[in-house]
Amino acid sequence: MTDSWTLTAADGELQIRTDVGGPAAKMGHRLTIAMAAWQASVEWRAGKPVSADLVVEVDSLQVLKGEGGVTPLSGPEKVVVRTNALKSLDAKKYPQIRFSADSIAKTAAGYRMTGEVQIHGTTEPQTVELAVADDGGVWVMTAEVAVRQSTFGIKPYSLLMGTMKVADDVTLRFTARHPT
């Protein structure tokens, strides 16, 4: 028997955490960014997940907060950060980020999904460890994955002639809930 699940931002969160680098790093903010429009599809066969796909709309990027820095991150600065991030991601040319898992294996904590991720027009192999916990008839799923921007041809945003820049590695955090 084949079954399928569809998860969206209404079922959870997809966030990106950035860090700062360079000699003037203390001036910059470590950002929390939400991707507000995404959809995950999971195909099940005989009670086991056999494939999973995630599609993220890049233009749904929202800057939630910035930690650190000389001053707090203001509303207008969040707009500038969003604009710079969309420019770095070349969102008009590459409007979606995709992950497709074609191999899913049960682990002690949940599932290991192996497949490919496509960001900025570049496709690379990716493994995601998805932790799953049963919360009284609801699966709580979480994953955290490090992504190196330069691997996908993305030049991390910098200013002040590179003395302050977004770190090349960013962390993607996914959480979702689905009835079992």
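Student: Where is Thr 18 placed?
Tutor: Thr 18 is in the loop between β2 (12-17) and β3 (20-21). Helices here are DSSP runs of H or I with at least four residues, and strands are E runs of at least two, numbered from the N terminus. Please keep in mind that this is a predicted model, where local features need pLDDT of at least 70 and side-chain atom pairs 80 or more, while totals for chains, interfaces and linings use all residues. Residues are numbered from 1 along each chain as its sequence is written, and side-chain values use heavy atoms, without hydrogens and water.

Student: Why is Thr 18 called buried?
Tutor: Its relative accessible area is 11%. Buried means under 20%, exposed over 50%, and partly exposed in between, with a 1.4 Å probe and protein chains only, so Thr 18 is buried.

Student: Which residues is Thr 18 in contact with, leaving aside neighbours within four places in sequence?
Tutor: They are His 29, Arg 30, Leu 31, Ile 33, Val 166 and Val 170. Contact means heavy atoms within 4.5 Å.

Student: How many aromatic pairs are there?
Tutor: Five, by the rule that rings of Phe, Tyr and Trp (its six-membered ring) pair if their centres lie within 6.5 Å; planes under 30 degrees apart count as stacked, over 60 as edge-to-face and the rest as tilted.

Student: Why is the pair of Trp 5 and Trp 44 called tilted?
Tutor: The ring centres are 4.9 Å apart and the planes are at 45°, so the pair is tilted. Trp 5 in strand β1 (residues 2-8) and Trp 44 in strand β5 (residues 38-45) are 39 residues apart, and the pair links distant parts of the chain. Both Trp 5 and Trp 44 are buried.

Student: What makes the pair of Trp 5 and Trp 139 edge-to-face?
Tutor: There are 75° between the planes, with 5.3 Å centre to centre, and the pair is edge-to-face. This pair also links distant parts of the chain: Trp 139 belongs to strand β11 (residues 138-148), 134 residues from Trp 5. Together, Trp 5, Trp 44, Tyr 111 and Trp 139 form one aromatic cluster.

Student: How do you know that Lys 106 lies over the face of Tyr 111?
Tutor: Lys 106 is at 4.9 Å from the ring centre. The rule asks for NZ of Lys or CZ of Arg within 6 Å of the ring centre and within 35 degrees of the ring normal.

Student: What makes a nonpolar core, and which residues have the most contacts inside the largest one?
Tutor: A nonpolar core is a set of buried Ala, Val, Leu, Ile, Met, Phe, Trp, Tyr and Cys residues joined through side-chain atoms within 4.5 Å. The largest has 43 residues, and those with the most contacts inside it are Trp 38, Leu 61, Met 113, Met 141 and Phe 174. Its largest share, five residues, comes from β11.

Student: How do you know that β12 and β13 pair?
Tutor: Two bridges join β12 to strand β13 (residues 164-166), running antiparallel, and pairing takes at least two DSSP bridges. Leu 159 has Met 164 in β13 as its bridge partner. The open sheet has the order β3-β13-β12.

Student: Why does the radius of gyration agree with a compact globule?
Tutor: With 180 residues, such a globule would have a value near 16 Å, and the protein has 17 Å, which agrees. The radius is taken over C-alpha atoms, and the globule rule is 2.2 Å times the number of residues to the power 0.38.
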